[in-house]
Structure formats: structure tokens, C-alpha cells
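Here is a report on selected features of one structure.

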Amino acid sequence: MRKSLSQWIHRFHNIFGGKQQQPSSNSTITELPDDYLFPALQITASLADQICKAVEEGGRLPTPGSDWIDSIVVITDGSSPLSSGERAADCDVSNNIRVEILPSLLFNTADSNNSGQAARANGVLYSLGIVFYELFSGVRPAELERPDESKGQTRTEEMLESLDPLPFDHGNIDLEAFTGVGIHGGELLEYNDLQDEYHEYQDEYNEIWGNNNTDCFRQGQNPRKRQLRRNDNIMYSVSVEPLKAMGVPGPLCELVANMLDIADGRLMGEDAYRDISDVRDDLQLMLDKLSIYLYDQDMGSLSTTGLQFGDTLFGREAELSTIIDAYRRSVLGESESVTISGASGTGKSLLAVEAGKYVISSGGIILSGKFDQLQQGKPFSALASAFNQYCGILLQNCELAPSKQKLAHQINHVLGREAHHLAKLIPNLASMLGLESNSIIHDEGCTNAQKRLQYLLCRFVEVISSTFAAPVTLFLDDLQWADSASIAAVSQLLCSSGSSLNQKQFFFLGCHREGIIDSAHPVWELVCNAERCDISFSSLKLDCMGEETLNAMVSETLCILPRLTRTLSNIIYRKTKGNPLFVSQLMPSLSKKGLLFPSLNRRRWEWDIDKITSQKLPDDVALFLTNSIVDLPSDVKTSIFHFSCFGASLEIAFVKTLEIALDMRGLCDNLDLAVDEGLVEKTDDQLRFSHDRIQEAAYNTVPAHQRYLVHHLYGMALASFSTTQSDDSILLTAANQINLGGPAAIQDTSQSFTIATVNLRAGQKAMVMSDFGAAYSYFNHGVSFLQEGHWQEHYDLSLRLFELAAKCALAIGDLANSKLHSEQVMKEARSFEDGLNVIYFSTCALAYSLRLPDSIQKSIEVLGKLGIDLEESRSAEACVQEIMTSLSTRLDEEILNTERMTKPSMIIALKFLAKLELGMTQTKPRSVPFVTQKIIELSLTK
């Protein structure tokens, strides 16, 4: 359906205006409804686009004038609100309405000189602004004095018709061609007055309108006197206040005003349009992002809350596409993983979160964890957190109860009792399976516990994926702080040959700071292992934002069109070098200082560009953040420092524990104020710094030598508090704090025994969780706190610390340190039995070092000292027959009910026999039955 724009406007105003007024009244719309706004906005965008195309394709512009609406055709299809009465907001306006400019309105710009082209372009902008005004208001601007045709012509129009048209081709305007009158400022002038006026403005006229341009006189659009400006405020020749009164959104009113700002032939202000393509781009942004660029912001509210920064991703479309493509390939059958690197504050985590949104929207499952520099001692900190958080979501959401029950059933079915070992690491899994902490099997004697845990994590991922028929993505942030045990588990997940994982149901995404991961870092080994397993590892490096991207960020944050924010964003770019974190902290800071402020009059943000330019800021974002924190109230600043000492995030329940244990009154309230400042984020159950650089900045507000003492005091207070609590995390946190303080923080040597004991308990807890790396760290720290003469004063504690340190060092493959700790025990042991454990570790180390015969010989020697003789006076066949005969005389129930062995020497003897049996299987297979027979005899002996 084709209609002239004037008919389209008339019809819509009849439809909507009639709904607002009495039938007998004028049908002009008094309040603009969305059903009219959306299609009208689409027409403006289409019209601007058509003019741009006409210029780009044929170098043609419409002839400036005030009567375009009859030369513009609106084309609609059958689904348009215009033809069907359907609500405009309920249909796809962009596909239903378009416009066409009649050829008679177009003029070839190549026929005029440069000044003429510039003048014509300015005139087109102004003329288009008149069209937009009429489109949104339904009437012409009052300033143009256009009467109804039924009332006849005005004297102005009559005099215009008496003007002889001037040939457009002439290079100069000949005043002799005038017949005596002209138009100036809406008043009729006699020819002699016009002649005098002409000489005064001749140069300005030629510059603005072009020497050859006389068409404007035919339409009554010759230049008017330049309006006076007061106090540098723009004085529009056509007021948009009537549009505002009708409810036209403020940004749209500003757009129209900025087009009418050149009514006298020159640009009137910084916001005025320079080119029609800018109009097209701004209108398209309004259509694409209504809530950002079209609708008015609540400036009253913003004047109270201040500038709010969101989590929108800017300028990372290519990197996001790379991650999504890799994820899609992994789901379709290829082996893919991605790591993101970059300087701090470049948006690595935000990019990963955006990728995670795609994973979830496409039906995938994402597990997210974050390593922490100050929580490195905690066993599998990030990995355990990722799985625990996922199980917690299933537990807390009532709507997911069926999913929780389904998953619990599958875990019990697939993993059986082995699930207990996972439950030690993942507390929410224990709750999901209904396991009590005292019912969980603790088996610290299993030297393969870490490999077992890796295997169980792989199976757990398989169960999650198969239960919900969805791929699983693991995202780990801040890999630069990762521990070896966690990375080894991730490597096992990547290289696993489990059935579900083999079908590419697992995708890994990680982030780390650049310049930290080297060949000695565990992540390097992860990448190497992945390559050996034919897994493609894509590495993305993020740089700071460019000027255009930063301007888009500033524009969307302020909800002001990019064309208008460029001067501000240029200053911000020079001060921040495009670092996203720096920008997100600087802009709220400018708002708090009153340099970036909401204007209730203009209903938008405004800024003092001169004062912002003169602001002296540090070049480094860390120093800027530190200065920002220093300026906070002292109690808030102190609370933020307390928080930073424990890492980048804490459970809210634990923060409340700190209030009690450390006597930090008001800690939670002060951290809520930090949330208001945007430094800390708060979820339902967790507090975390908005960025790890903020945590580092808060941490660095106190000198290093004082921080050591603070950590020590916190650790000692929590250690005392932990003795009355069942929560193991308090003990582990206490040990971490004490160890961060170090031995130098001890001011009373009598505390050494207490601290060493705390580390012993923490290490044993870590062993229960199968993190022997963390356990070794605790035991080694415990050893470092022991004072001179500790073997004499604290023999049992010293023996246990060195013993377990040797064991854990062996478990993580650190044979050198295992040997050192074992030798120390053998030197100080008060009896042969006291050294048996480290001797056993030594035999294991020999076996691991490919010295199996030496390991076997040493085991036989130790067993001989324990009175266990391995006779081989008969054949292996005879020995097997003896075993079968012995077992046949015992009932199964009798064997199952045999009393548990408690004698330490016999327990360690069985360990030697078990290791010996395994070694002989490879070197002396015919001797194995004799070892097996001895194991059975000792096990069945009461």
C-alpha cells in the first residue's frame, strides 16, 4: 500500500487522535502512544537511509524546502498497523514500513560547487528536521507560519510568487533580477532595504548557500538573520517544546532540535548534525536499543544513586565468536579448549561470563570457579568451588528438586560408595546424597588417592552430562594462582577416555593474566598434556579498548548517542589508555565529584569537559583504585582491608563468623557501604570484590610488614575459635592466615607449638580431601614454625609432622623432599617402630625410581626385623593349595567379622607385604603366593 507521508500522518492522527478526544474535536494526537511512535520512528530511519543511499549511489540530494511530506511515499504491507489496525508494538515495524522519495525532489549535487554542496546538505538536514517535526506532532512548526490552504495565502507567500526565478546555472546572484521584495526574518522588505542587507551578508550568504543556489527563494527558504545566543545556550529557531508536551521521548526531541539548529544556514552548536549519515545512524541506534537511546532516563533517581555501571561487553565480538565456535565444535565431536589472557582489567572474566550465557542458553551446563592468591592453601579451592556451587544451586532451588533427585540417584548408581570420596571435597554433594560428615570414609593411607579423585571427578562430569543430556563446560578464572593438584585434575578431565567425555561432552575455558604463565607453571603442563591428547587449545589475548569501543561504552553507560559523547570519551581514553576496569572506576568517580552529572532540565547526563581534562590521575589503574579506597571513611576503609586479607570473595556466613571471632563489629554493615560504592558485589550468599585489582588495591593500603602481623593475629584468633566449631573451613582459613604471616610474625615463641599443631590438623584435613599438595604445604609450614630443640620438647608433634610431610611429598612426586624428611625422622626416632612409616615411604620411593629390586630387598629386611619370615621351602603350587585349604575351613561370615587389626607394627607389616606382593608380581611371580599366604595369616590372626 502506497500513501504520501502527509496522508499517512493524517490517517494515524485520525486513528489515535480520535481515541484521545471527543468525536467533534480536532483529531490531532495530544499524547504520543507507542503504537504511533514506533512506526513513525521507523519512517524517519528509512527516510534518512534513503537520502544517504541517494547520495552514495548517484550523488543526489533532495532540494531543501518545507513541503517534503507530499514528495515522500510511505509503503506498507498488509500486516502494517496502518492497514490492519494492529498494535505497532506487536509487529515487526522494520519489515512493514519503508519510504520512497519521489525523483522530482532529488537534485544532482555534482552540478553545484563545493560551497553550494555544503549549503545544500545543511538545507537538507533542516528540511528533514521539519518533516520529522510534522511526523511526530501532526502539525507544522508554528514558526513557519504555514496556514490552511482554505484560508488563502499569506502576504509572505504572495510576495514570494512575485519573485522572478533566477537561473541556477549563473555563477553569481544578480540583484537586478529581483522585482522589489524579499523575505528576511519573516518580514517584508522593500527592494532597496534588501539591497543594503545583501551587501552586508553577501560573503556569509555565498559561503553558506553557495553562489548558484537560488531554489531556496522559490520555496521561501532564503537565509534568515542569525539568532542571538545568550550565555552560550543554543537558541533553536523552531522550538521542540510542543513535541515534549506530547510525550515524544527526550532523546528524539533532541535529535529533531539538532537538525533544526541550522535554520539560518550555519551550524548553531556542538550537538548540531554535520551530515545526514549521522542522523541515519542515530535513528537506527534508537530502533535497535530502545531502552538505551530512545526513552528518557529517570534523572531524578540517578541524581540520588549516581552513575551505575553495568556488565555489558564492548568490543569483544570477535573473541566471543571464537569461544562460541570452539564450544560448538566440541559439542559436535571435536576436542576443544580455550584460554583467555591479558593484562589486569581488560575484561577477561566478563568475556568468559558472556560465553557462559551462550552455553546456558544453548542447553549446556557451566561450572564456574576462581583461584585466589590468598587462598592457595585450600584444597582444590577453585575446582571444588565450581562443583560445590553447582550442587548448591540444585539444593536451594525448589523448582530443581526433581533434577536434584535424578542426579543423586545416578551418582549412587554409577559411583556407589566411591561417591563418599567426592563428598569430602564437595560438601553440597554430601547434603544431596544425604551423607553425614561422620559417615564419610576417611582413607589417608591410599597413596593413589589423588588419582582416584581425578578419576571420580571425570565420572562425576560424565554423570552430570548423561543425566541431563547436556554438555558440561568448566570455567576457571585466575589460572595464574592455580595449584598443581587442581590443574592435574583438569588435565585428567580433558584427556579422559570416559565414554561420555569421549563423545565431547566436556569443554574447558580458563582465564589468566599475561606474563605469569611460564614453562614452570602447572598450566603450561596442562597445555602440553592437552596437545598430547590431540585437544585443540585456542589462546586469546585481550588488549585495552580502542577509542571507538570506549566511546560505545561511554555512550551506552550514559544512554547518550555516541556522536554526542565523543568529546568526553576522548578525554577518558587519554587518561585510562582504554583499560575497561579503569574506565568503569573513573566514570563513577567523576560522577561523585560532580564533574559528570544528571541534568533534570535536559533529562540526560552532562559534564564539565574543562574540569575533567584538568583532573590529575595516576597512569596505573591499581594506584587509582588505591587512592579511591584511601578517600573512603576510615571504618569502611578498614573493613575493606579486613575483607581483602581473606581473598577476593567470602561467604556471607563466614563474614559474620569473622565479626564474632575477630571482634570486628560493624564489618557486614561497612561492607554493605562498600557495595553501594561499587567496590564490592553482593549475592544471596557471597560477598566478592568487583574486580581482583580492587582487592589488591585494598590489600595494599597497609604496608607489607604490617600485613604480616595482621595475618598472624587473624590466624591465631580463628585457630582458637575453630576448636569450638565443626566447620573445617575455619581451621583451614586459620592455618592460611598464620602461614601468610610467617614465622617472622611470631612475637611469643610459646605460640610455635600451637601454630605447628594447627598446621598438622589442617594438613590432615587436606589429606582427607585427597589434596596432598596442599597437605604437604601445611606440614612443611608446621615444620618451619618449630623452635630449636623441638625433637626433645615436642617429640610426638615433630615426628608426626615430618612423617606426614615425607608421605605427602612422596604422593606428589617430590622424592627429594620426601627423602629429606624421612632421613630426619630416622635420625631422631627413639625406636625402630617410630621409623617404620618413613622406611615404608623409602621403599615406595625406590619403586617409583625404577629401583624395584632394591625396594623388594629393603622390604624383606624390615619384615625380618618384625619377625615375619617368608619361607620358600616348598613349591608355589603347594603354597596355593595350603591357602585354599586354610580358607575352606572358615565360613564367609567368620572372615567378614574378623576383628579389625590395631597393633601398629602389624599394620605397617601388612603395608610392606602389600608393596612386596606388587613388586614381586613383576620380578619374582613364583614368590607371590608366599607373600599372599602371609598376608592372609596375619589378617585372620586374632
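## Cavities

The structure holds six cavities of 30 Å³ or more. A cavity here is a set of points, on a 1 Å grid over the protein atoms alone, where a 1.4 Å probe fits but cannot get out. Grid points are joined across faces, edges and corners, and a volume is the space filled by probe spheres set on the points. The model is predicted: local features need pLDDT of at least 70, side-chain atom pairs count only at pLDDT 80 or more, and totals for chains, interfaces and linings use all residues. Residues are numbered from 1 along each chain as its sequence is written, and side-chain values use heavy atoms, with hydrogens and water left out.

Take the second largest cavity. Its volume is about 160 Å³. Its lining has 17 residues, where a lining residue has an atom within 4 Å of a point. Pro251, Glu254, Cys559, Ile560 and Arg604 lie nearest the centre of this cavity. Which helix gives the largest share of the lining of the second largest cavity? Helix α10 (residues 250-259) does, with five residues. Helices (H or I, at least four residues) and strands (E, at least two) are DSSP runs, numbered from the N terminus. By class, the lining of the second largest cavity divides into nine nonpolar, three polar and five charged residues. Nonpolar covers Ala, Val, Leu, Ile, Met, Phe, Trp, Tyr, Cys and Pro; charged covers Asp, Glu, Lys and Arg; the others, Gly among them, are polar.

## Cysteines

There is one disulfide in the structure. The cut-off is a pair of cysteine sulfur atoms within 2.5 Å. A disulfide is a covalent bond between the sulfur atoms of two cysteines. The partners are cysteine 495 and cysteine 533, with sulfur atoms 2.5 Å apart. The link of cysteine 495 and cysteine 533 is right-handed, with 110° about the S-S bond. The pair joins distant parts of the chain, 38 residues apart. Cysteine 495 sits in helix α21 (residues 484-495), and cysteine 533 in the loop between α23 (522-532) and β12 (536-542).

Buried means under 20% relative accessible area, exposed over 50%, and partly exposed in between (1.4 Å probe, protein chains only). Cysteine 645 has 0% relative accessibility, so it counts as buried.

Cysteine 559 lines the second largest cavity. Cysteine 559 is in the loop between α24 (547-558) and α25 (562-576). At 19% relative accessibility, cysteine 559 counts as buried. Its phi is positive, about 60°, although cysteine 559 is not a glycine.

## Aromatic rings

The structure holds 12 aromatic pairs. Rings of Phe, Tyr and Trp (its six-membered ring) pair if their centres lie within 6.5 Å; planes under 30 degrees apart are stacked, over 60 edge-to-face, and the rest tilted. Tyrosine 327 is buried at 4% relative accessible area, whereas tyrosine 358 is partly exposed at 23%. Ring pairs link Tyr327, Tyr358 and Phe507 into a cluster.

Two arginines lie over tyrosine faces. Arginine 563 lies over tyrosine 273, at 3.7 Å from the ring centre. Arginine 830 lies over tyrosine 795, at 3.9 Å from the ring centre. The criterion is NZ of Lys or CZ of Arg within 6 Å of the ring centre and within 35 degrees of the ring normal.

## Single residues

Aspartate 478 has a phi near 55°, a positive value in a residue other than glycine. Aspartate 478 lies in the loop between β10 (472-477) and α21. Aspartate 478 is buried, at 4% relative accessible area.

Valine 621 is in helix α28 (residues 621-630) and is buried at 5%. Its C-alpha atom is 8.4 Å from that of glycine 345, 276 residues apart along the chain. Histidine 821 is in helix α39 (residues 815-828) and is buried at 9%.

Note on methods:
1 Å grid on protein atoms, 1.4 Å probe; cavity = no way out; pocket = protein on both sides within 12 Å on 5 of 7 lines; lining within 4 Å.
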